[in-house]
Amino acid sequence: MKTRPAAGRWIEGWNPEDEEYWERTGKRIARRNLVLSVLSEHIGFSVWSMWSVLVLFMSPEIGLGFTPGEKFLLVVVPTLVGAVLRLPYSWAVTRFGGRNWTVFASAVLLVPALLAFVFVQRPGTPLWVFLVIGATAGAGGANFASSMTNITTFFPQNRQGWALGVNAGGGNLGVAVVQLLGLLVIATAGDTHPSYVAAVYLPLIVLSALLAALKMDNVDAVRARPGALREAAASRHTWFISFLYIGTFGSFIGYGFAFGLVLQNEFGSTPLEAASYTFIGPLLGSVSRPLGGKLADRWGGARVTLWAFLALTLGTAGLLLASRAGSFGAFVVAFTLVFVLSGLGNGSTYKLIPAAAAAEAEATITSGGEAREAFARARRISGAAIGIAGAVGALGGVAINLAFRASYQGPQGSGTTAFACFLGYYALCMLLTWSVYLRPGRRAAQPPAPAREPRPARVR
């Protein structure tokens, strides 16, 4: 078998569940593709969330004096487009191959980066132009779905929590890095040069596309049979997990886009003051995501997810108290804690997807089904479910920014109403996780037990 096929070729017979195959061949290939996938996804997230930084620069001083409501709209649009594009991106990697699609998905980011670089230097540019540019940046957020669908095929089921956590966590770091870059630009060149932020990513996008073309692989296991998306959509676990992912990833990306604007509206922070804090939460939240996946591998995705939502509820209550007390320090600390908890929940919630599919595969095998086909189907379903959950979860970021926009335009002009809504959603997620996956005597998270198998595989 060729481990370095020619460009566009496919590695056939990919089977990481075979321990001997994994140790002899699969591990090295999987890790190489994981590293390059993280790079591409990281840059994608940076381009996607770039508008959370660019809006901090927009002021009458550079001829872009938009209102707070218009600025929240500018961060809503890329979030929405990124969410909508995740499903076709997830499908595309199964049609064109992981390497081939990563090359395209990386190269296309030149469009939003170059447009942002040009137009933020033009005073008086109307809002609709920036909304269109922000929409093209949504392609960066869609990279997540194709990247995660691709990586799940490279690793055996018992290592997928870690692999998906690293892949997603490395991508999520793009949110923190672009905000650190914004802080660096403001601290060194002032808050009138937003084009510097976009300029940094132009050569990085080219480098990422070239490395993907030269070093990544296509594997036959990623190919999806027709109807895989329909099969995943027919599973109630896909929608349960999507609902939970709105609360974890939706929180992470929604808060990541909104944090700077929230500080400006809640406490009247300057661009420099806001940028000095906005990167901390996304940074720690990204780092905590692989930990969430690792904990889920050890203790079970449902258990870790439940505790994450309990802590998110308490953290959001802290945000409400800090907002009412007008305490900037307590507000930043509580917001940072919420980022960390959302990262943990991201990792543990995604672990539920391959676990549910694997449990169904094991039930099929114990009922007399063929093992290889059962696990191949589980991988197809997992990849499709990841695409659905990623798209639905990203819509949570849209909802968060719309809630902030409405809350700050209301009579109080504060985020209290928005935070109260978020707290209620986390409570619902806790209830769902416990009721479906953890309640004693409840088997909703598991396939029906075959007659001779009193203890079916447990979804954790």
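Is Trp51 buried or exposed? Trp51 counts as buried, at 1% relative accessibility; buried means under 20% relative accessible area, exposed over 50%, and partly exposed in between (1.4 Å probe, protein chains only). This is a predicted model, in which local features need pLDDT of at least 70, side-chain atom pairs count only at pLDDT 80 or more, and totals for chains, interfaces and linings use all residues. Residues are numbered from 1 along each chain as its sequence is written, and side-chain values use heavy atoms, with hydrogens and water left out.

- Helix 2 covers residues 50–57. Helices are DSSP runs (H or I, at least four residues), numbered from the N terminus.
- Eight of the eight residues of helix 2 are buried, so the helix is largely enclosed by the rest of the structure.
- Those buried residues are Met50, Trp51, Ser52, Val53, Leu54, Val55, Leu56 and Phe57.
- Trp51 sits in helix 2. Leaving aside neighbours within four places in sequence, its contacts (heavy atoms within 4.5 Å) include Met58, Ala116, Val120, Phe130, Ile133, Gly134 and Ala137.
- Trp51 also contacts Leu74, Val75 and Pro78.
- Trp51 and Lys71 are 20 residues apart in sequence, and their C-alpha atoms are 9.1 Å apart in space.

**Helix 2 against helix 3**

- Two packed helices are described by the angle between their axes and the distance between the axes.
- Helix 2 packs on helix 3 (residues 68–96) at an angle of about 165°, with the axes 9 Å apart. Axes are lines fitted to C-alpha atoms, for helices over the stretch in contact, and angles run from 0 to 180 degrees between N-to-C directions.
- Helix 2 and helix 3 are therefore roughly antiparallel. Angles over 145 degrees count as roughly antiparallel, under 35 as roughly parallel, 65 to 115 as roughly perpendicular and the rest as oblique.
- The crossing of helix 2 and helix 3 is right-handed (the near helix is turned clockwise from the far one by less than a right angle).
- Helix 2 supplies Trp51, Ser52 and Val55 to the contact, and helix 3 supplies Lys71, Leu74, Val75 and Pro78.
- The residues of this contact of helix 2 with helix 3 divide into five nonpolar, one polar and one charged. Ala, Val, Leu, Ile, Met, Phe, Trp, Tyr, Cys and Pro count as nonpolar, Asp, Glu, Lys and Arg as charged, and the others, Gly among them, as polar.

**Helix 6 against helix 7**

- Helix 6 and helix 7 (residues 160–189) pack at about 150°, with their axes 10 Å apart.
- That makes helix 6 roughly antiparallel to helix 7.
- The crossing of helix 6 and helix 7 is right-handed.
- Phe144, Ser147, Met148, Ile151 and Thr152 of helix 6 meet Gln160, Ala163, Leu164, Asn167 and Ala168 of helix 7.
- By class, the contact of helix 6 with helix 7 has six nonpolar, four polar and no charged residues.

**Two buried loop residues**

- Thr125 lies in the loop between helix 5 (110–119) and helix 6 (127–152). Thr125 counts as buried, at 9% relative accessibility.
- A polar atom of the Thr125 side chain lies 2.7 Å from the backbone oxygen of Arg122.
- Not counting residues up to four places away in sequence, Thr125 touches Leu64, Phe66, Phe119 and Phe130.
- Ser269 is in the loop between helix 10 (236–267) and helix 11 (271–278). Ser269 is buried, with a relative accessible area of 9%.
- The Ser269 side chain reaches the backbone oxygen of Leu263 at 3.3 Å.
- Beyond neighbours within four places in sequence, Ser269 is in contact with Leu263, Gln264, Ala274 and Phe328.
- Ser269 and Phe328 are 59 residues apart in sequence and 9.8 Å apart in space, C-alpha to C-alpha.

Methods:
Polar contact = N/O pair within 3.5 Å; in protein donor to acceptor, adjacent residues only side chain to side chain.
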